[in-house]
Every structure is written in structure tokens, then in C-alpha cells.
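My entries follow in the order in which I made them.

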Amino acid sequence: MMLWSVTRRPPRTLHSGYLQVGSLRVHHTHGGRGSPVLFIHGLGSSGYIEWRFNLDATSESHRVYAPDLPGFGRSEKPRARYGIPYFTRFIERYMEGRGLRSAVVVGASLGGRIALELALEKPRLVRKLVLVNALGLGRPNVHVSYGLVTIPRLGEAVMNVARDALQWAPSQMIRRVAGRLSGASHDLKRTMDDVYLDNLRELYSAEGYHDAYLATVRSLVTPRAVFGGQHDVTTRLHVLKMPVQLIWGANDPLFPVAHAARARSLIEHSRLAVIQGAGHTPQAERPEEFNRVLNRFLNA
């Protein structure tokens, strides 16, 4: 099945399908030719949702890979100890299965923290690193909703309400609420088009998704994790020796630009592009500018 067939003419180079990674049935998007670029999506998303405006452009000159992390997208949703170590091990196995000795690794939000973990622990696998509004570079401004879902039973109720609201709420209302949470404000109908909303409804309705989402959030949002602790790797950034590109939405309400500026000062071979008018997801809110920055870095 071609991923893009719902709304636009499918790019000839991209394919959507399933494969086995260990015991897990995993969905991924892949295609193109050239040096490999691996995209890692953020919390509550998928490869085909997170990078919907970027994979086609990148595949024109590179081989792209965008797996759905276990528990998310169309990948299998096992009972597992979800969290950064679990997802990082998955990415290692995914790369091994694809024969990737190294790749440019692009990670957004939680995916950025997974990419950082991979770069810090297995630097031979990461030829270049791209961090997009990434977790792990400072204390986030955590929205109250993240705190609510950490509470047993209440979190499950919140997820059920969100799933039901996606079914009955008008599209305009969904876009307005999602835009407020992410800091997105420009052309929300384009950024969160009908296909995006359909994919979001599918995601929230999938069996096992709620459990995976809640387990992941609860592994991250604890007093120790939120206020620094094991998920903030700022003090380790100086050991990164590969080229690093930080791409940040200027209006991110969760991870402020100060996180990226500090990281830029601590990583020797790094550069920072701040995208004005974008919030937490510049890759979707300002895709043309994001793709230009990414392409320059890939070809540098």
C-alpha cells in the first residue's frame, strides 16, 4: 500500500510497508537513493505523520527511512517497558536489519532525545545528527495535561476523552486546540490537513496505543526527569564529535529556543537554525524552510 494515496499523487520513490524487527511487526516508510537518512518521530506520532512534508523532498537525493516506533503509528504495540532505552535499542536493531552501518539521524522532540542517546552511546552509527525541538537539552515547560496522564486511571480517562473528541469535534476545533498546545499558529488547515486528522483518529483508535503512550509519558514525566535528571544530557553534549544541526521553532512552548542556543554553545561541530513563526513542529509548520536547512546540512 502506498502511504500517500489518500490525498496526493504518490511519490514514486517512497514506499510504505511492514517488516520484522526481532519479534515485532514494524511499519515503516522508505525509499529514494543515496546516503541514508533515518528519521525518528516524537511522542504520540509516527514516521508517516511526523515527517509527512519532509520525506519526499529528502528522498530526491538520499535513501530515507522512517519507522514507526513500537507502540505508535501502525507498528505492533507490545506490552513493554517503554522509554528512551527501549526505543534506542529498537533503532539500533532497525538499523542493523536494514544493513545501515551509519546514517544521518534526524529526531524530533522525544525522537530527538532517542537520537541523542544513540549518538552518545553508539556514535559509530550516527554520521551526522539533526535535532528538531528535542527533549533532553534543558528543563521543559511541561503542560498540565502531561501531569494528568501520569496519574493512574485518570490518564486512561484522559486518553479515552481525547479519542472520543477526535471523532465528534469539528476539525477547526481540533486544529485550534492542537495548535495551542504546540505553539503552531500559521495556516493550521494546511499544517493539520484532513489526512493528518484522519491519521490521528486512526492512531488514537488503535488497540494498545493508549497503553504505549501512557507508559512512555510516565517514563518521562516524573519529578526527577522533568527537573533535569536522567533525561537531560546537557552535561554530556561536549563529547559529541559528529556534525550536529539544531533546527528549532521559535515559538515552541515546550522546549524554548534557549535550550537549542545552549546546546549550540556546548557542541563543537554544531549549527543552529531558528525558524520564525513555527512552534514545536517546524518540519510541518514551515516545511519549505525546514527542508532547505536540512538539505544544506545533508550536502555540506
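**Entry 1**

I started with Arg 201, which counts as buried because its relative accessibility is 16%; buried means under 20% relative accessible area, exposed over 50%, and partly exposed in between (1.4 Å probe, protein chains only). The model is predicted, so I kept in mind that local features need pLDDT of at least 70 and side-chain atom pairs count only at pLDDT 80 or more, while totals for chains, interfaces and linings use all residues. Residues are numbered from 1 along each chain as its sequence is written, and side-chain values use heavy atoms, with hydrogens and water left out.

I then looked up the partner of Arg 201: Asp 198 forms a salt bridge with Arg 201, with the closest N and O atoms 3.0 Å apart. For a salt bridge I need a side-chain nitrogen of Lys or Arg within 4 Å of a carboxyl oxygen of Asp or Glu. Both residues are in helix α9 (residues 194–205), 3 residues apart, which is about one helical turn. Helices (H or I, at least four residues) and strands (E, at least two) are DSSP runs, numbered from the N terminus. I noted that Asp 198, at 43% relative accessibility, counts as partly exposed.

**Entry 2: other salt bridges**

How many salt bridges does the structure hold? I read 6. One of them joins the side chains of Glu 92 and Lys 122, at 2.8 Å from N to O. Glu 92 is in helix α3 and Lys 122 is in the loop between α4 and β6, so this pair links distant parts of the chain, 30 residues apart. Glu 92 has 23% relative accessibility and counts as partly exposed; Lys 122 has 28% and also counts as partly exposed.

I also looked up Arg 236, whose side chain meets that of Glu 121 in a salt bridge of 2.7 Å, N to O. Arg 236 is in the loop between α11 (223–226) and β7 (244–249) and Glu 121 is in helix α4, so the pair ties together parts 115 residues apart in sequence. I logged Arg 236 as partly exposed, with a relative accessible area of 31%. Glu 121 is partly exposed, at 44% relative accessibility.

**Entry 3: helix α4**

Glu 121 took me to its helix. I found 12 residues in α4 (residues 110–121) and a reach of 17 Å from the first C-alpha to the last, close to the 16 Å expected at 1.5 Å a residue. The expected span is 1.5 Å times one less than the number of residues.

Is α4 enclosed or open? I noted that 11 of its 12 residues are buried, so α4 is largely enclosed by the rest of the structure. Among the buried residues are Leu 110, Arg 113 and Glu 117. What covers the buried residues of α4? I listed the cover as including β3, α3 (84–98), β5 (103–108), β6 (126–132) and α10, with contact taken as heavy atoms within 4.5 Å.

**Entry 4: strand β4**

I checked β4 (residues 63–67) next and found it mostly covered, with 4 of its 5 residues buried. β2 (residues 24–31) is joined to β4 by 4 bridges, and the two run antiparallel; strands pair if DSSP finds at least two bridges between them. Thr 29 stands opposite Ala 66 in β4. β3 is joined to β4 by 3 bridges, and these two run parallel. Leu 38 has Tyr 65 in β4 as its bridge partner.

**Entry 5: aromatic rings**

I counted 11 aromatic pairs. Rings of Phe, Tyr and Trp (its six-membered ring) pair if their centres lie within 6.5 Å; planes under 30 degrees apart count as stacked, over 60 as edge-to-face and the rest as tilted. Phe 39 and Trp 51 have ring centres 5.0 Å apart and planes at 55°, so I logged the pair as tilted. Phe 39 is in strand β3 (residues 36–40) and Trp 51 in the loop between α1 (47–50) and α2 (55–59), 12 residues apart. Both Phe 39 and Trp 51 are buried.

Tyr 209 and Tyr 213 have ring centres 6.0 Å apart and planes at 45°, so that pair is tilted. They both lie in helix α10 (residues 209–220), 4 residues apart, about one turn of the helix. I noted Tyr 209 and Tyr 213 as buried.
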